[in-house]
Structure formats: structure tokens, C-alpha cells
Amino acid sequence: MLKASMILDRDYAIGQVDPRLYGSFIEHLGRAVYGGIYEPTHPTADAEGFRGDVLEMVKALHVPVVRYPGGNFVSGFRWEDSIGPREKRPRRLDLAWFTTETNEVGLHEFCHWAKKAGTEVMYAVNLGTRGPEEARDIVEYANHPAGSALSDLRVKNGEKDPLGIKLWCLGNEMDGPWQIGHKTAYEYGRVANEAAKVMKWVDPSIEVVACGSASHSMPTFGSWEYEMLDECYENVDYVSLHRYYGNPSNDTPDFLARSMDLNDFIHSVVSICDAVGGKKHAKKKLNLSFDEWNVWYHSHEQDKEIWKQDKWNRALPLLEDVYNFEDALLVGSMLITFLNNADRVKIACMAQLVNVIAPIMTRNGGGVWAQTIYYPLMHASTMGRGTALRPVTQSPVYDCSDYEKVPFVETAATIDENGNVTIFATNRNLTEDIVLTADLRAFADLTVKEHIVLHHDDVKAVNTEDKPDTVKPVTVHDGTMDQGKLEIKLPALSWNVIRLTKK
Ligand code: AHR
């Protein structure tokens, strides 16, 4: 039997886990909004047209923040289209996704939905086709109490109290040539700086996120971050990172090792932020907002077909990846990586939430079900709160196509305000269980309360509306804790949550 070891101590703290690490994202794309969160004719719809069955599944995830309304969509979006009487709102061609946006759900409706879901809105402004003026306008409309034209318009539109949006994205993936209004790093840095400045003059309590690279593999990665931050460092609070992984060559060991790339990506961006800060003699440190992350590749071919047949229709079923078990394992490893970087990664949004590369799927007029990736996110979000601890883990390793010395076992740990500890662990070994022995001397008063395991013999197993429980976590009773020594089996190919509570 393979063995791994771990040492955990309450003094090895990485930092406080910002609850926003478990955020998500809803874009006006595909069936995320129309047919996802909103379907007025659905049997579970409430008076505002929001699907009750979807709301329940979102609530169970305890998502603290949801990024909205894009994504690529936002770079051609006029926010004013989404307010006022619905019947007067325009239908517009959305050049990001080649669909028609009807604006039935807009700013007010989304904020109402967020309230019902128990989450905050992270609002992205358009810095593609628009600029600082429109960005400050929407902050004034949303957050200024009253007494100005725009805040009074909000009141007239039915919202006496400010919407109170505290977190704002300064555009989306502005380094990407596919983006409407794509910019150079210098052009973007200037616009982001001026937008951030005036948005904060309107409401000094807000925080803003500058666009980092659309991924680690962009040719401009690194220089983009450096050059744009050189222009806007003083006025922004976070830098965004986006990353999607796929397994098109069906190489599971390589695919599961992608969290190594994620970790490198985070460390590179932290270094660049600190380099710019150092050059500027800045006291302030920038943190990271990993505001798009997930697995995304299953639906690429299907989407090409949809566009061939049905361009410009409303709510096309785009980006509907059906996630399998190995995707859930990588998602688990990505969450572990975020926790192990909790000192600098303060916000992370799984992209996205419903139907579009999402943990939650619906059928129009039909059911709702959890995809495989729902479970690691739910576990981390509900049990990975408090302070992240630095586990010192030794694991047997493997080599694969793109990486060397990949540890089979990856771990993260948190301690909550009551002193209870949760360990998250993945075993990436395809065939062998691994026994994890953990030296938990500082936690001798704790015992194993629960060991939750997500495993399936078939890495390609999926959940569907008819068979929603094919891949589902189970609780096993196998760990022992004796005088601060934990011994527990991590099954081959598994995501594990080990909860240690007071005896
Ligand atoms: O989440 C889907 C898309 O991926 C977003 O619109 C864009 O920002 C990214 O490229």
C-alpha cells in the first residue's frame, strides 16, 4: 500500500480564508440566465420568474458572491438597456456569443435574485466599447443614495435603497483579441485607472478588480500584468486571473496534474504585482481575484454546430459541458490550490453557475441536477472556512506528459473559530489507495467526525437528469485518530474531506 504523510499545526497559518474564495459567475450567455436562474413558466418559478428549484441548489452551495453580467458579453453591453420598464428594453445583438439579448433580466432583477440566493453581486463594467463615464454612471445609479439624476432614476425604477454593490470588475479579458474593444496593456491600464478613480470618487467604499491575462498561456502574459499595473496600481485592489483546463487528448494523469500549472500561475501573478508595487515604493499590496476558473472543453464542437444552425437566437444552449468524474477531481485540486494560496487569492469565481460550464444543470420546463463538479465546490464552500493552515505533505510522485514529480496526494486544511479542522485531499493515483498518516500533535483533542469521499470506478462517469446520483459523495467510517496521529485511507482516484472535531 502506498503511503503519504502530513504535518499540520495551528501555528502554520497561511491566512484567513476570504469567503469570496467560493464565488461563482453568471453571464448573459446561453441558458445561464434564461432557462437557468430565470424561467417564468417553470412550475417552481416565483412571482419574479426565478426558478425555485435552481435557487435551492444555489443556496446549498453557499456561494458568497456572483460575478455578473459577463464575461465577454459585458464588453459590448450598455447597462442602461437593462433598467426601466421591461417592455421598453431593447433587444440587442450580442456580438460576443452571436445571440440576441432581450434584457428581460437586468440589473434590478439580478440583484433581487442575488438577495434570494443569499449572495453578493460582483458587477463587471464595460471597458471594451465604453469607458470611465459609463462606469461611474452605473456606480452612481446603483450605489448613490438619492438626489442625483441617476440615483433618482433608480428610485423611480422601484429601488429606494441603493443596490449596494461593493465589488466591481474593470472590464473583462481586455488582453484577448476576441474581446470586443480589445486593448494593449498600456491602453487598458490607462482606461482602468481613470475608470477606477471616478468610480471610487462616486463611492469610496467599493473595491475594483483590474483585468489580468485571459490565461497563463497568453503570449502577452506577464508583460500585460506589469504594463497595465504600472498605469493603475494605486487605484485598483485586485488583479484578475482566468483559467480553464481540458482533457482533449484523454490523458488523465496529465489532466489531473493541471493544478501544478494553476499554482505556478498564481505565484507568477503575485510576483509581478509585488514587482510593480516595489518599483512604485507602494505600501499597498494587491491581491488576486481568480474570477473565472473551471474545466471547459466538452462543449466546443457542439457549440460550433449550434452556431452553424442557429445564430442570433435567444438563449442558445451554449457551453453546456457535461462534467465527468475526473473533472470533479481536478476541480477539487484547484480548490486545494486556492486554499493553499489563501493569503493572496481572496476572490475566486467558478465559471459559471447554471447550465453554462456549470455545476448546476437544468432542462427548460424540467428538472435540475448537480453535475460532478458541484460536490467539491459545495464541500469547500461549506467546510473550508476560517483560517487556511499550511500542510507539510510528503507524497509519492509521478511523471506525465507535461509535468514531473507530481505528488499523487494533494492536501489543504482549514481551522474554524471553534477549533475544528477540515482536511481536503485528492489522490490522483489511478489504481492504488494511499494511506495518509498525519501528525496532528496540536490537535490531540480532536477526533474524526466524518470522512466524505467522492469516487467512481469510471473517470468518464457523469450525472444526468435521469441518473443524477451516478457520481455522488459518500461518508465512510475508516479514519483513526490516536494521540494526535491520524491514519486514513485515500482511495485511488478520490476527493476526500476529513472533518476533525472536538471529542
Ligand atoms: O466563461 C465563459 C467565457 O470565458 C467568458 O465570457 C470569458 O470571459 C472567458 O473567455
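This is a predicted model: local features need pLDDT of at least 70, side-chain atom pairs count only at pLDDT 80 or more; totals for chains, interfaces and linings use all residues.
Here, a residue counts as buried when its relative accessible area is under 20%, and as exposed when that area is over 50%.

**Helix α4**

Take α4 first, which runs over residues 149-156. Its buried residues are Leu150, Ser151 and Arg154. They sit on the same side of α4, because the arc they cover around the axis is only 100°. The general rule behind this is that an α-helix has 3.6 residues a turn, so residues three or four places apart point the same way. On the face turned away from the buried side, α4 carries Ala149 and Lys156, both exposed. And what do the buried residues of α4 pack against? The partners are α2 (107-117) and α3 (132-143).

**Helix α1**

Now for α1, residues 52-61. Its buried set consists of Asp53, Val54, Leu55, Met57, Val58 and Leu61. The cover over these residues includes α2, β13 (360-362), β14 (368-370) and α11 (374-383).

| Helix | Residue after it | Phi |
|---|---|---|
| α1 | His62 | near 55° |
| α4 | Gly158 | about 105° |

**The whole protein**

Zooming out, the protein has 11 helices and 26 strands. How does its radius of gyration fit with a compact globule? For 503 residues, such a globule would come out near 23 Å, and the protein has 23 Å, so the two agree. Along the principal axes, the C-alpha atoms fill a box of roughly 65 × 60 × 45 Å.

Burial is counted for the whole protein too: 61% of the 503 residues are buried. Looking at contacts with a separation of 6 or more, 77% are between residues 24 or more positions apart. The exposed surface comes to about 19000 Å², with carbon and sulfur atoms supplying 51% of it. On the charge side, there are 53 positive and 71 negative side chains, and the centres of these two sets lie 4 Å apart.

Finally, is Asp482 buried or exposed? Its relative accessibility is 54%, and since exposed means over 50%, Asp482 counts as exposed. Asp482 belongs to strand β24, residues 480-482. Between the C-alpha atoms of Asp482 and His298 there are 45 Å, with the two residues 184 apart along the chain.

Key: Residues are numbered from 1 along each chain as its sequence is written. Side-chain values use heavy atoms; hydrogens and water are left out. Helices (H or I, at least four residues) and strands (E, at least two) are DSSP runs, numbered from the N terminus. The radius of gyration is taken over C-alpha atoms; the globule rule is 2.2 Å times the number of residues to the power 0.38. Buried means under 20% relative accessible area, exposed over 50%, partly exposed in between (1.4 Å probe, protein chains only). Contact means heavy atoms within 4.5 Å. Accessible areas come from the Shrake-Rupley method with a 1.4 Å probe; for residues, only the protein chains shown count as cover. Lys and Arg count as positive and Asp and Glu as negative; His and the chain ends are not counted. The place of a charge is taken as NZ of Lys, CZ of Arg, CG of Asp or CD of Glu. The arc is that of the directions from the helix axis to the C-beta atoms.
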